[in-house]
Amino acid sequence: MAPMGIRLSPLGVAVFCLLGLGVLYHLYSGFLAGRFSLFGLGGELGGGAAGPAAVADAGTVDLREMLAVSVLAAVRGGDEVRRVRESNVLHEKSKGKTREGAEDKMTSGDVLSNRKMFYLLKTAFPSVQINTEEHVDANDKEVILWDHKIPEDILKEITTPKEVPAESVTVWIDPLDATQEYTEDLRKYVTTMVCVAVNGKPVLGVIHKPFSEYTGMKYARAFKS
């Protein structure tokens with residue numbers, strides 16, 4: 001279920017239903033429990049312990065690092081969403097019709113948020129499959145570096161590295177959920193989101209509200225010490 005006051009697009013519903021179903025399943029099996037945590041977002045996410053100077057092994061992914069980068073990606077994407085909305089130059093256009101017959105809109109906020117989120121995650125984890133709602137232009141590639149700092153919030157909860165094979169990881173991003181509301185300046189409904197699955201089972205989720213600077217994360221307790 002989406003947090004109160006947030007309306008999700010079909011992709012958003014799918015991502016968080018997937019996450020929710022996985023959590024419910026593993027709660028009953030005694031494997032997972034969900035937890036939400038808030039981040040103070042007064043600038044760059046940092047102040048945590050530094051990770052390795054580079055990704056240690058392209059064949060594996062540390063899920064603590066994946067969570068840290070997912071949070072940062074959602075925030076960076078949200079920065080673009082907020083900047084475009086405040087400029088009031090949205091370059092709004094239609095991608096076609098939804099299944100309900102409504103206009104499926106896209107704006108510069110969608111495009112620029114998608115670019116930041118996709119390339120931050122792809123630069124940090126080049127071997128991981130990343131799926132996004134928006135088109136990725138291979139000719140508009142951007143290298144966005146991560147400083148390899150894991151926030152203290154994550155380190156306190158997940159105290160040791162949790163490595164999994166890179167090929168087992170799939171990431172979904174929604175760079176701007178509630179585009180229709182975004183064009184109508186209904187800011188409280190707008191979010192950016194990241195969901196991460198391992199072997200098809202959702203293990204990490206991040207939702208960020210750019211205009212209130214709220215960020216929530218949900219993760220599998222199995223990856224917590």
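A residue counts as buried when its relative accessible area is under 20%, as exposed when over 50%, and as partly exposed in between. The exercises below use this predicted model.

**Exercise 1. Decide whether Asp 177 is buried, partly exposed or exposed.**

Solution. 
- Locate the residue. Asp 177 is in strand β9, residues 169-177.
- Take its relative accessibility, which is 0%.
- Compare with the cut-off: buried means under 20%.
- Conclude. Asp 177 is buried because its relative accessibility is 0%.

**Exercise 2. Find which residues the UniProt "binding site" annotation covers, and how they lie in space.**

Solution. 
- Read the record. The unreviewed UniProt entry lists Glu 133, Asp 174, Leu 176 and Asp 177.
- Check the sequence, then the space. These positions spread over 45 residues, yet they cluster, with a largest C-alpha distance of 9.6 Å.

**Exercise 3. Describe the aromatic pair in the structure.**

Solution. 
- Count first. The structure has one aromatic pair.
- Name the partners. They are Phe 118 and Tyr 119, with ring centres 5.1 Å apart.
- Take the angle. The planes stand at 90 degrees, and over 60 counts as edge-to-face.
- Conclude. The pair of Phe 118 and Tyr 119 is edge-to-face.

**Exercise 4. Work out how β11 and β12 are arranged.**

Solution. 
- Take the strands. β11 covers residues 201-209 and β12 covers residues 214-219.
- Take direction and bridges. The two strands run antiparallel, joined by six bridges.
- Pick one partner. Gly 205 is bridged to Lys 218 in β12.
- Inspect the turn. Four residues lie between the strands of this hairpin, and Glu 213 in the turn has a positive phi of about 60 degrees.

**Exercise 5. Summarize the protein as a whole.**

Solution. 
- Count elements. There are five helices and twelve strands.
- Of the 225 residues, 48% count as buried.

How values were computed. Residues are numbered from 1 along each chain as its sequence is written. This is a predicted model: local features need pLDDT of at least 70, side-chain atom pairs count only at pLDDT 80 or more; totals for chains, interfaces and linings use all residues. Side-chain values use heavy atoms; hydrogens and water are left out. UniProt positions are given in the numbering used here, feature names are shortened, and annotations may be inferred rather than shown by experiment. Buried means under 20% relative accessible area, exposed over 50%, partly exposed in between (1.4 Å probe, protein chains only). Rings of Phe, Tyr and Trp (its six-membered ring) pair if their centres lie within 6.5 Å; planes under 30 degrees apart count as stacked, over 60 as edge-to-face and the rest as tilted. Two strands pair if DSSP finds at least two bridges between them.
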